[in-house]
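This report describes selected features of the structure shown below, element by element.

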Amino acid sequence: MTHTSDSVLVLGGGVAGMAAARKLGDQNIQVHLVEAADRLGGHAASWACMATDECRHCGACLADDMIHHTDHHANISVHLNTTLDSLEKTDDGFAARLTSGDTVHAARIILATGFTPFDPSILSSLQFGQHDKVITTARLNQMLKEETLTDFLGKATQPKIAFIQCVGSRNRKLDRDFCSQVCCKISLRHSDKLLYLLPDAAITLFHMDLQTIGKETRCLAADLSTRVTLAQGVPAEILPEPDTDRLRVIVEDPDSGSRIAKSFDLAVLSVGMSPSSKSTQMATQLAVHPNRWGFFNTPDASLPDGIHVAGCAAGPKDILRSRQDGRIAAAAVLKELGHDASARADVLVWGDGLQAKTMAETLARNGHTTVCFGQGTAMDGLTFMDPGRIMGVDGTAGRFTVRYEQEGDRKTMTCSAIIAAPEPEYPTVAGHDALADAMDLTTFSRTPTAQLPQHSVILLDYTGPEHKKEARLALNAALTAQKAGRQITVIMTHMLVHGPTGQQLYDQARKAGVRFLRCTMPKEIQIKKTGAGFSLTLDETTLPGISVTLQCDQLVVPAGPVPGIEMETTARLLTQYRDKEGFLQSPNVRHRLTQSHRQGIYFAGAGHDDVDDADLTAELNSIMADLNFSGPARNPGVEINQKKCAQCLTCLRICPHQAIVLNEKERPEIVPDACFGCHLCVANCPALAIESTVCPPDPVAEPAENGEVVVLACQRSAALAAGPLTLPDPIRLISVPCASRAGVNLILKLLINGAAKVIVAGCHEGNCRSMNGTASAQKEVAHLLDLPGITPDKVAWHSVAANETQQFARIISDTRISSKDT
């Protein structure tokens, strides 16, 4: 079989590969998605949901949703159990012969072969493969997903569990001197999940430097610090405990400094990422040249023309960044093939700072007419302006109107898209008495080394937890000054070693003589101004019981970002949420990294996440790949019957996406391109004037058979979880666009028509694409349970993620048992 259409070959069907394939397919490019396994999804598809009483934003559920859309996409041909057999360069691209016997003629190739978990059996001292209670994070995920962990732990009702970080990462002896970027977040979420399932568990997390990077990761780490023992230092050895099924983990006693053995029921090895064995095999076939680690995330790696790399094939990253990477690679291919949007959207960059200026200039250079709120030099397609007082933002994607007031005059401007990029505030150290004469880290880094004093101390984490930008600046400044003959000491809680070269830079600084001291409680450091400089006294984490006193000529402190009033104002004007720290953008994985629940509004820069320069470039590339509002309007599946409309404007008030506006006749109207089709308006319209074309009430609530249990399942969560199951006859599953579709009227109609019970199953709190769907459905169920005659055996709510098939099966099983009992 030969495919001769102008197509793109995507090698790897994980998150990055699927994201690239769908982006290309949506632009009518024929995609051949080749996957070596018997299913799509890669490692993410085997990952467990980390939700507790709310979503923990791991993103694992996205894989199932992506698989569903990929499988049903008209422009994507999926080749499972298939790999690349041979490749030839042709005049117009490539001729790829697959192991299935098919030949694909492709104009471009995207390499998205993912990663392989590090094999810890190489480290024999950790007992992996020798003791069944030493497992990896991948194995723990499998047990959590299959709900078999309790059985595996056996009689241990109060299990002691050890997490050991950096197994196969940050290891120079193994030539793996890089951080795998995601392991600390994974173990933090695992610890949180285990304590939710096993409240009496005692968990110890052994780490080198806890990498608390990413939205709300610092919040989770701070919360867990009161419930989990965070132990500095990684154990070098695990031994079996004689005559028991337990383990002895050899650690350093924090009080005496001697080596002791601690008993645990389970040891979880947080293994790092290695390049996929498939990508290693394909390197010769594709004539690509990875770096010494096998990745493509450093300048010495190279790709030939026509081949792009995405996801973990490029380098270690999490699920959300892999998805973003796939979209960016697809956008690059579209641009090369001349399929990018001919009409460039006009964009407003909402921010005044260096990052906003950089974004605006990049947008203008790429053909977007751009306005930036701030100071700068105008260029073709770019205008800088001070909007004065912004009064409001109306409209939807492709047609926003910004109302503002300048010197008493009220004005408006229009744009197709808005990038929210306000700068955080960076408070000076002047507000801290002990730091009155300290130097700001940025100033220190810009001072010529000849003008620096002999000994300086860089104090991280004192005014707040360190961020990526400040940590990298501290390492670079310390290394530069140390090489110039100065003595530099860095005091930190943890050293962030993000990025492909972060660990190497840390190693270089230590080798150059930079001293690093750890302090768990930086606020307790005693700082005194002396005639010669500063005196600092602290309890060094690795020297228990010993106070260390330092004398230095100059104390250097970074000014860390804080949200500030502008974040609150921007969120209010753009109708957006903020995270737990007060920065812009909800942590909801349905919209991150850069999108929002309001079409056409995006986020970039330090105002919404912990980003460095590389992150900012990726964010902007991701946004530009999405700036196409000129296509045909999509069908949202809902419409307003104007003959029934009472003009109460309930829909206008409750729409989470601002997709309902007043038309020229002052009547509500749905804007198709802004609507997510959640049906919240359908369920809440008092006049029943908003009607669904995809989920109408009469067919949904058709008469039920005697004893039938009806499950109204969100199509992005519970319905996908139910997909692999064969449901018994008494169960009728109805896939709905969002749990918010399950209003009081629909549920009552189902009960009246004979349903024995109605179960509403939707996303975990904080995971709903329409933000409020879960809360709305729970509220509707609670309202029904307040009515006479409606009891929990008649109506119930359950949170079920797309990857929680076992949980959905248990809910159905429990429902059948209770039905039999009654």
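This is a predicted model: local features need pLDDT of at least 70, side-chain atom pairs count only at pLDDT 80 or more; totals for chains, interfaces and linings use all residues.

After H11 comes Gly485, which has a positive phi near 95°.

The buried residues of H11 are Lys468, Glu470, Ala471, Arg472, Ala474, Leu475, Ala477, Ala478, Leu479, Ala481 and Gln482. These buried residues pack against several elements: helices H10 (441-446), H12 (502-512) and H14 (613-624), together with strands E26 (455-459), E27 (487-492) and E28 (515-518).

## Two helix pairs

Two packed helices are described by the angle between their axes and the distance between the axes. For H11 and H12, the axes come within 9 Å and cross at roughly 35°, and the crossing is left-handed. H11 contributes Arg472, Leu475, Asn476, Leu479 and Gln482 to the contact, while H12 contributes Gly502, Leu505, Tyr506, Gln508, Ala509 and Ala512. By class, six of the residues in the contact of H11 with H12 are nonpolar, four are polar and one is charged.

Helix H1 (residues 15-25) and helix H8 (residues 319-336) form another pair, with axes that come within 7 Å and cross at roughly 40°. The crossing of H1 and H8 is right-handed. On the H1 side the contact is made by Val15, Ala16, Ala19, Ala20, Lys23 and Leu24, and on the H8 side by Ile319, Ser322, Arg323, Gly326, Arg327, Ala330, Val333 and Leu334. The residues of the contact of H1 with H8 comprise nine nonpolar, two polar and three charged.

## A parallel sheet of five strands

Five strands with parallel pairing make up an open sheet, in the order E20-E19-E18-E24-E33. Strand E20 (382-385) and strand E33 (601-603) stand at the edges with a single partner strand each, so one side of each has no neighbour in the sheet. On average, neighbouring strands of this sheet are turned by 20° against each other, direction ignored.

Within the sheet, strand E19 (residues 370-373) runs parallel to E20 and is joined to E20 by four bridges. Cys372 stands opposite Phe384 in E20. Helix H9 (residues 354-365) lies across strand E18 (347-350), E19, E20 and strand E24 (417-420), and runs at about 170° to E19.

## Two antiparallel hairpins

Strand E4 (residues 84-90) and strand E5 (residues 93-98) run antiparallel and are joined by six bridges. The two strands form a hairpin with two residues between them. Ser86 has Arg97 in E5 as its bridge partner.

Strand E21 (residues 389-394) pairs with strand E22 (residues 400-406) in the antiparallel sense, over five bridges. The bridge partner of Ile390 in E22 is Tyr404. This hairpin has five residues between its strands, and Gly395 there takes a positive phi near 95°.

## Residues in loops

Where is Asp300 found? Asp300 lies in the loop between helix H7 (277-286) and strand E17 (307-309). With a relative accessible area of 55%, above the cut-off of 50%, Asp300 is exposed. Apart from its neighbours within four places in sequence, Asp300 is in contact with His289, Asn291 and Arg292. Pro290 is 10 residues from Asp300 along the chain, and their C-alpha atoms are separated by 7.7 Å.

The peptide bond from Arg592 to Leu593 is cis, with omega near 20°, and Leu593 is placed in the loop between helix H13 (564-574) and E33. Gln658, in the loop between helix H15 (650-654) and strand E35 (660-662), has a positive phi near 55° although it is not a glycine. At 26% relative accessibility, Gln658 counts as partly exposed. Glu666, in the loop between E35 and strand E36 (668-670), is likewise a residue other than glycine with a positive phi, near 60°.

Key:
Residues are numbered from 1 along each chain as its sequence is written. Side-chain values use heavy atoms; hydrogens and water are left out. Two strands pair if DSSP finds at least two bridges between them. Axes are lines fitted to C-alpha atoms, for helices over the stretch in contact, and angles run from 0 to 180 degrees between N-to-C directions. Contact means heavy atoms within 4.5 Å. A crossing is left-handed if the near helix is turned anticlockwise from the far one by less than a right angle, and right-handed if clockwise. Ala, Val, Leu, Ile, Met, Phe, Trp, Tyr, Cys and Pro count as nonpolar, Asp, Glu, Lys and Arg as charged, and the others, Gly among them, as polar. Buried means under 20% relative accessible area, exposed over 50%, partly exposed in between (1.4 Å probe, protein chains only).
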